[in-house]
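Dear colleague,

Please find the structure below, handed over for your study. My findings follow directly after it, and I would ask you to read them with the structure open beside you.

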Amino acid sequence: RQLANSVSMVRMNLTKLQRTLMGAIIVLDVHGITVLESLDEAKVSSCNDFDWSKQLRYYWIPENGEPCPTSQGSDILNDCAVKQTIACFK
């Protein structure tokens with residue numbers, strides 16, 4: 001339903017920036033749906049399943065809470081966040 005709403009918004013009179021942003025949101029929604037469908041098809045039932053773990057992404061979070069794009073640097077000493085689609089574990 002959310003995806004259909006986003007697609008209908010793209011058909012409205014939007015600025016170039018708004019249209020670009022909506023396109024990016026639609027791509028992210030489709031990717032999330034595809035990931036969830038593939039996890040369902042693979043019958044993932046545990047966080048130890050390979051199909052689950054291959055979707056995980058790791059990010060270092062310094063004290064100020066701003067995500068760092070790389071693990072190289074002196075301010076990356078605190079937390080590692082693990083994200084998958086829209087889920088985040090710390």
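Of the contacts in the chain with a separation of 6 or more, 28% are between residues 24 or more positions apart. Please keep in mind that this is a predicted model.

**Overall layout**

The chain contains three helices and three strands. Read from the N terminus on, these elements follow the order α-α-α-β-β-β. The chain has 90 residues, and 18% of them are buried. Its accessible surface is about 7200 Å², and carbon and sulfur atoms contribute 57% of that area.

**Helix α1 and Ser 6**

Helix α1 covers residues 2–10 and includes Ser 6. Is Ser 6 buried or exposed? Its relative accessibility is 7%, so Ser 6 is classed as buried, the cut-off for that class being under 20%. Leaving aside residues up to four places away in sequence, Ser 6 is in contact with Met 22, Ile 25, Ile 26 and Asp 29. Two of these partners, Met 22 and Ile 26, will be met again in the next section.

**Helix α2**

Helix α2 consists of 26 residues. From its first C-alpha to its last, α2 spans 37 Å, which is close to the 38 Å expected at 1.5 Å a residue. Which residues of α2 are buried? They include Met 22, Ile 26, Gly 32, Val 35 and Leu 39. As background, an α-helix has 3.6 residues a turn, so residues three or four places apart point the same way.

Just after α2, Lys 43 adopts a positive phi of about 55 degrees. Lys 43 has this value although it is not a glycine. In general, most residues other than glycine have a negative phi. Where does Lys 43 lie? It is placed in the loop between α2, which covers 16–41, and α3. Lys 43 counts as exposed because its relative accessibility is 65%, and the cut-off for exposed is over 50%.

Gln 55 belongs to the loop that runs between α3 (50–53) and β1 (57–61). With a relative accessible area of 16%, Gln 55 is buried. How far is the C-alpha atom of Gln 55 from that of Val 35? The two C-alpha atoms are separated by 8.0 Å, and the residues are 20 residues apart along the chain. Val 35 is itself one of the buried residues of α2.

Yours sincerely,

A colleague

How values were computed:
Residues are numbered from 1 along each chain as its sequence is written. This is a predicted model: local features need pLDDT of at least 70, side-chain atom pairs count only at pLDDT 80 or more; totals for chains, interfaces and linings use all residues. Side-chain values use heavy atoms; hydrogens and water are left out. Helices (H or I, at least four residues) and strands (E, at least two) are DSSP runs, numbered from the N terminus. Buried means under 20% relative accessible area, exposed over 50%, partly exposed in between (1.4 Å probe, protein chains only). Contact means heavy atoms within 4.5 Å. Accessible areas come from the Shrake-Rupley method with a 1.4 Å probe; for residues, only the protein chains shown count as cover. The expected span of a helix is 1.5 Å times one less than its number of residues.
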